Number of protein chains: 2
Amino acid sequence: MTPQPSMPSTPRWGLFQLELRGPAGGNPFVGVTLGARFEHDGRTVQVQGFYDGDGIYRVRFMPDAPGPWRYVTESNCPDLGGRTGAFQCTAPEPGHHGPVRVADTFHFAYADGTPYTPVGTTAYAWIHQDEDLQRETLATLAGGPFNKLRMLLFPKDYTYCRNEPRLFPLEGRGPGAWDYARFNPAFFRHLEGRIEALGRLGIEADLILFHPYDRWGFSSMPAEADDRYLRYVVARLAAYRNVWWSLANEYDFLKTKTPADWDRFFQIVQQGDPYAHLRSIHNGVTHYDHAKPWVTHASIQHGDAPRPQELAHWREAYRKPVVIDENRYEGNLPYEWGCLPARELVHRFWLATVGGAYGGHSETYLHPQDRLWWCKGGVLRGESPPRLAFLRKILEEGPPVGFSPVSPYSARQRDDVYLYYFGNSQPAEWDFVLPEAITYNLQIIDPWAMTLSPAGTFRGTFRMLLPGKPYLAVRAIRVE
Amino acid sequence: MTPQPSMPSTPRWGLFQLELRGPAGGNPFVGVTLGARFEHDGRTVQVQGFYDGDGIYRVRFMPDAPGPWRYVTESNCPDLGGRTGAFQCTAPEPGHHGPVRVADTFHFAYADGTPYTPVGTTAYAWIHQDEDLQRETLATLAGGPFNKLRMLLFPKDYTYCRNEPRLFPLEGRGPGAWDYARFNPAFFRHLEGRIEALGRLGIEADLILFHPYDRWGFSSMPAEADDRYLRYVVARLAAYRNVWWSLANEYDFLKTKTPADWDRFFQIVQQGDPYAHLRSIHNGVTHYDHAKPWVTHASIQHGDAPRPQELAHWREAYRKPVVIDENRYEGNLPYEWGCLPARELVHRFWLATVGGAYGGHSETYLHPQDRLWWCKGGVLRGESPPRLAFLRKILEEGPPVGFSPVSPYSARQRDDVYLYYFGNSQPAEWDFVLPEAITYNLQIIDPWAMTLSPAGTFRGTFRMLLPGKPYLAVRAIRVE
């Protein structure tokens, strides 16, 4: 096929959307099938469409290769099937690197190869708050260090988060009277707007598909409704480059589902998503077996500061990236999960880093109107975010490769950078062991004060004086 | 037997010593057997004597009951056997409560029932230093918070501790030429003087019988020599009320011994000690199975801050008191085991306390003459000892019963005292759950500032404001 001059265009990893008119009677969410095959350079990508209400059907597609693409639709409805067309995939928009993938077993990179170093936070129910608060959340994110946001699709009913949402994902008359076979397009259009807004900020939407904090009944739908919901969500959202699938928050606290349910959910998501967005599931206490083939990375809740041997165990058990998405939160709540000092949370991020893993942030300070960032978004009041920005800068300014652990105290990026983090140790001197043939500039890093102090040029094995204070790091950077 | 007016007397838990003249020729350490039966009120206690050089033989005995005791010696040497005598056991000396025993499964008490709450330190090789330094060590201990000292019998060869000792426990011409069948009475008399000096300070001597830091050959003696050494040590020292038997430091790093050796050593010590002094063994990495019947308590080395679930596991696995004798040391060494900030070590003691266990201290600050307290004794330079004194006071001023864990944050002494420790959490308020029928005075404790602040009178379930700072504790004391 030769591209036409008038052919529409879509940037690489942008969103191509086909809008079709079709039947509005009956229940199109169930009765009408719609899909499309997109072809480029001898390759075919099969995608699912969805009904968007008012007789409108859509097919969305994220092209991953520049050049001409053509498509043909398929449907059990003659009005919708057999439509053909083409578009030109152009260069990505500035700053767009594609969806995030696993790289080098334990790390991440965007589709174009640019390393992605997750520095995540949560504002679980932010899309269910009033519009002003959602705008405030986006403004906060725009000025913050975070490049991943964990967020719930269903509304949340939990301490400090009892307000009724404006929109629900299902049609019906509320709890006990949902129509499990009819989705609410207005809800999803709103959600998509939020995902797009995050995308504009360079933030991955780590979208949580099930959770136990529920008074509306979404956590206890029939299996058929669960499955239909997943297929609909994936059909609508998979073409957004910045979507990650988090099957659940605290899956093991969701007593309405069995292990077999979770396995099936993973497979439905995997089969419906031609782009293979990242997939994981977050535990309450017991890890899901992240070694299963449909899991791309381990999303872990862990109450304590991670120990090197724990991180090593998880890396080896799963052979996948390890993200401690919940390691308790900075705050002052009367609950053990929400009252960490900022210093301790920053400490945990650094421990994760030298363990070859990634930390996770959120914030839970008591507020007179219960505006806790962790759940509702809004503004950040804590002291950790600037320190996490400092850490992210250190991670991102290194070579394009993740950290591999060397010892309980240290990790390296090939032989280019060695990073030591002494945590709650306060050595006044230390024996460093670096490659004999390479010269390094050493820096003493204070992760809390956010300072980098030159400490001299070294090679091989040497003893170096240190400040004898806890929570310091040392970075050795190869002299070119 | 009617006590005679001229009968010698020994205080309860004091040391009665019988000195006998016997053969000095041949090798009396091996060739001559000596023991005695001590009788009181229809009960017989069998003890072993020992050769002390120069034709002097001794039998030592610690009476545990007041009133008249009589004895008769037994020997394969006519000069030594069949000697009889008697003494009157009088009231204990002021402040002497007898040897420490296990109490209430997980805790300790002196023989007279007085609770013993271990706050231990180490000065492993202090008896092998020059006399001035030993005197300095005793002076430091006299002014410090410690009531237990872990100390090696054999000299120590390790980083910062390379000096040659003045006395060795064996006769011979040094490494490779020890006479394993001849002990050096001068060494043991010196050791005994040190144990007595500790006893005068109210400090338990947690005597370590084997260890791997050795350049002299004491860690690789033949089995027969090991066994003879143990029998000799126990015969000499068991009558000292403040002796504990620690079979080893880092037993699993001592590759010359097998698990069966350790089991045998325990049994030799147990059989030779009629007073059943406390017995344990300290690990490098792998715990000895402290559930074995000859172990009285778990002596644990653990690198990290203890987690509540770890402490609970150890308590349940062993059903014995848990003492984290080594939880890293306060100091600034270039080794991970010796560079904890004082604040972290104090934190670990408090974690152990609310976990129903006991912490352990030592100190390893770099010193120009390598005078590190941890190994050589001398003076303490750190910041933790006053805080440990503060903790010990809190532990000792409560009711005479140990703490039982209630939650990961709290423990209680019956319903008399509830102790909460929030560690690296900083709640600004907390929900307390106390018995409904009892009124409590609450105090906020700052373990670092060493302050106790009244926080009001409460009962039942209530929410109380807290300072929102980490490393604080709360104590609820029953109002009489």
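**Entry 1**

I looked up A:A411 and found it opposite A:L419 in β23(A). The model is a predicted one, so I kept its cut-offs in mind: local features need pLDDT of at least 70, side-chain atom pairs count only at pLDDT 80 or more, and totals for chains, interfaces and linings use all residues. Residues are numbered from 1 along each chain as its sequence is written, while chains are lettered from A and ligands numbered from 1 in the order in which they are written.

I then took the two strands themselves. β22 (residues 410-413) and β23 (residues 417-421) of chain A pair in the antiparallel sense over four bridges. Strands count as paired if DSSP finds at least two bridges between them. Strands (E, at least two residues) and helices (H or I, at least four) are DSSP runs, numbered from the N terminus.

The open sheet has six strands in the order β21-β22-β23-β28-β25-β26 of chain A, with antiparallel pairing. β21 (404-407) and β26 (451-458) of chain A are the edge strands, each pairing on one side only. I noted an average twist of 25 degrees from one strand to the next. Helix α7 (residues 342-354) of chain A packs on this sheet and touches β21, β22, β23 and β28 (473-478) of chain A. The direction of α7 of chain A makes about 135 degrees with that of β23(A). Angles run from 0 to 180 degrees between N-to-C directions, and axes are lines fitted to C-alpha atoms, for helices over the stretch in contact. Contact between two residues means C-beta atoms, placed from the backbone, within 7 Å.

**Entry 2: the parallel sheet of chain A**

I turned to another sheet. Five strands of chain A form an open sheet in the order β10-β11-β14-β15-β16, and the pairing is parallel. β10 (120-122) and β16 (279-280) of chain A stand at the edges with a single partner strand each, so one side of each has no neighbour in the sheet. I checked one pair inside it. β14 (residues 204-208) and β15 (residues 243-246) of chain A are joined in the parallel sense over four bridges. A:L207 has A:W245 in β15(A) as its bridge partner.

**Entry 3: domains of chain A**

Chain A divides into domain 1 (9-90), domain 2 (100-382) and domain 3 (406-478). These bounds come from an automatic or database domain assignment. I read 28 Å between the C-alpha centres of domain 1 and domain 2 of chain A. Across that boundary, 17 residues of domain 1 of chain A are in contact with 14 residues of domain 2 of chain A. On the domain 1 side, α1 (28-31), β4 (43-51) and β5 (56-61) of chain A each supply at least two residues. β4(A) gives the most, with six residues. By class, I found nine nonpolar, five polar and three charged residues on that side. Ala, Val, Leu, Ile, Met, Phe, Trp, Tyr, Cys and Pro count as nonpolar, Asp, Glu, Lys and Arg as charged, and the others, Gly among them, as polar.

**Entry 4: a helix pair in chain B**

I moved to chain B. The axes of α7 (residues 342-354) and α9 (residues 384-396) of chain B come within 9 Å and cross at roughly 20 degrees. α7(B) and α9(B) are therefore roughly parallel to each other (under 35 degrees; over 145 is roughly antiparallel, 65 to 115 roughly perpendicular, the rest oblique). The crossing of α7(B) and α9(B) is right-handed (the near helix is turned clockwise from the far one by less than a right angle; anticlockwise is left-handed). The α7(B) residues in the contact include B:L345, B:F349 and B:W350, and those of α9(B) include B:L388, B:L391 and B:R387. The contact holds eight nonpolar, two polar and one charged residue.

**Entry 5: strands of chain B**

β1 (residues 9-11) and β7 (residues 84-90) of chain B pair in the parallel sense over three bridges. B:P11 is bridged to B:T90 in β7(B). β6 (residues 67-75) of chain B pairs with β7(B) in the antiparallel sense over six bridges.

I also looked up a hairpin. β26 (residues 440-446) and β27 (residues 451-458) of chain B run antiparallel over seven bridges. Four residues lie between β26(B) and β27(B), and B:M450 takes a positive phi near 60 degrees. β26(B) is also joined by six bridges to β29 (residues 473-478) of chain B, again antiparallel.

**Entry 6: between the chains**

Last, the chain contact: 22 residues of chain B are in contact with 22 residues of chain A. On the chain B side, β25 (residues 429-433) of chain B gives the largest share, three residues. That side has 10 nonpolar, five polar and seven charged residues.
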